[in-house]
Amino acid sequence: MSGISVIMPVYDPVPSELKRALRSVLSQSMSDFELVICDDCSKPYVHEIINECKDERIIYLRNEKNGGCAYSLNRCIEASHGELLIRQDADDYSLPGRFSALKSAYERTNADIVATNIILFDESGEWGHRDYPAEVRKHDFLFAVPFMHGACALKKSAVTAAGLYPVSRDTARCEEYALFMTMFANGARGINLPERLYAFNENRAAIARRRYSDKVREVKVKARGFRELKLYPRGIIYLAKPLAVGLIPPRLLAKIKDKVFGRRK
């Protein structure tokens with residue numbers, strides 16, 4: 001074992017998307033890792049698909065009842081044996097060479113969070129990309145999470161020192177924001193590689209799942225994180241951003257994001 005654990009929470013994904021995610025992980029050129037999957041009380045087809053892989057690197061966990069993403073990720077971490085935790089979501093996929101690039105950068109820099117830039121895709125295929133700051137500073141958390149969560153590799157000891165992912169109704173769908181800010185408050189360092197080696201599923205279903213209540217939770221998470229990072233009083237104005245964004249119709253918001261982040265090809 002190379003000390004690398006891939007952690008994947010799974011809850012009722014589209015079967016074809018889960019199969020694609022698993023293929024993208026298990027076919028990586030760097031093969032010395034374990035894949036820890038936590039099935040968050042999904043329908044039986046999920047276990048059947050995972051069993052079809054017949055790969056000894058897979059460690060399969062199942063929650064007796066639905067516990068949410070953060071709870072499932074923490075179970076993956078607790079069951080993992082590696083010091084480098086590579087994230088993977090069940091509806092996204094990794095591009096060839098992703099794991100090797102993350103491992104090399106981690107060994108070279110000893111950063112606590114190493115991520116890559118991302119490709120965006122939907123039902124029609126790849127449609128754009130999103131690039132993140134190369135060297136992340138604490139002020140980068142003011143506007144948004146400066147990493148794509150699924151594209152990250154995390155130092156296990158730094159995650160554990162930060163208390164793992166917070167499991168709370170107040171942090172649901174914002175758990176990575178809360179964790180990363182606590183890690184940085186503890187002195188963590190983070191980088192984003194220039195390569196786009198992770199494909200993020202930005203489709204209509206994902207957009208439809210977003211609720212205004214998520215934005216309210218984001219404000220609460222930011223308020224607490226900004227205190228930890230000593231970003232006040234500058235941070236006050238940024239607390240209004242999630243609430244304002246939540247009022248913008250989805251199609252218009254997508255156009256604004258395309259313009260601000262240069263997402264379209």
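Helices (H or I, at least four residues) and strands (E, at least two) are DSSP runs numbered from the N terminus. The structure is a predicted model, in which local features require pLDDT of at least 70 and side-chain atom pairs count only at pLDDT 80 or more, while totals for chains, interfaces and linings use all residues. Residues are numbered from 1 along each chain as its sequence is written, and side-chain values use heavy atoms, with hydrogens and water left out.

Asp 12 is located in the loop between β1 (4-10) and α1, and its phi is near 45°, a positive value in a residue other than glycine. Asp 12 counts as partly exposed because its relative accessibility is 24%. A positive phi, near 70°, is also found for Arg 173, likewise a residue other than glycine. Arg 173 occupies the loop between α5 (156-161) and α6 (175-185) and is partly exposed, with a relative accessible area of 46%. Just after α6, Gly 187 adopts a positive phi of about 100°. The peptide bond from Tyr 232 to Pro 233 is cis, with omega near 10°; Pro 233 is placed in the loop between α8 (212-229) and α9 (241-246).

The packing of helix α1 (residues 15-26) on helix α2 (residues 44-53) was described through their axes, which come within 11 Å and cross at roughly 30°. This makes α1 roughly parallel to α2. Axes are lines fitted to C-alpha atoms, for helices over the stretch in contact, and angles run from 0 to 180 degrees between N-to-C directions. Angles under 35 degrees count as roughly parallel, over 145 as roughly antiparallel, 65 to 115 as roughly perpendicular and the rest as oblique. With contact taken as heavy atoms within 4.5 Å, Pro 15, Leu 18, Lys 19, Leu 22 and Leu 26 of α1 meet Tyr 45, Val 46, Ile 49, Ile 50, Glu 52 and Cys 53 of α2. By class, this contact of α1 with α2 comprises nine nonpolar, no polar and two charged residues. In this division Ala, Val, Leu, Ile, Met, Phe, Trp, Tyr, Cys and Pro count as nonpolar, Asp, Glu, Lys and Arg as charged, and the others, Gly among them, as polar.

Helix α3 (residues 69-79) has Ala 70, Ser 72, Leu 73, Asn 74, Cys 76 and Ile 77 as its buried residues. These buried residues of α3 pack against β1, β2 (34-39), β3 (58-62), β4 (84-87), α5 and α6.

Helix α6 is itself mostly covered, with ten of its eleven residues buried. The axes of α6 and α8 come within 9 Å and cross at roughly 5°, an arrangement that makes α6 roughly parallel to α8. On the α6 side the contact is made by Tyr 177, Ala 178, Met 181, Thr 182, Phe 184 and Ala 185, and on the α8 side by Glu 218, Val 221, Lys 222, Gly 225, Phe 226, Glu 228 and Leu 229. The residues of the contact of α6 with α8 divide into eight nonpolar, two polar and three charged.

Lys 222, in helix α8, counts as buried because its relative accessibility is 0%. Leaving aside neighbours within four places in sequence, Lys 222 is in contact with Phe 141, Leu 142, Phe 143, Tyr 177, Met 181, Tyr 232, Tyr 238, Leu 239, Lys 241 and Pro 242.

Seven aromatic pairs are present in the structure. Rings of Phe, Tyr and Trp (its six-membered ring) pair if their centres lie within 6.5 Å; planes under 30 degrees apart count as stacked, over 60 as edge-to-face and the rest as tilted. Phe 147 and Phe 184 form a tilted pair, at 6.3 Å centre to centre and with 50° between the planes. This pair links distant parts of the chain, since Phe 147 lies in the loop between β8 (135-136) and β9 (152-155) and Phe 184 in helix α6, 37 residues apart. Both Phe 147 and Phe 184 are buried. Phe 226 and Tyr 232 form an edge-to-face pair, at 6.1 Å centre to centre and with 70° between the planes. Phe 226 is buried at 0% relative accessibility, whereas Tyr 232 is partly exposed, with a relative accessible area of 30%. Ring pairs also link Phe 141, Phe 147, Tyr 177, Phe 180 and Phe 184 into a cluster.

Conventions: Buried < 20%, exposed > 50% of the residue type's maximum accessible area, 1.4 Å probe, protein only.
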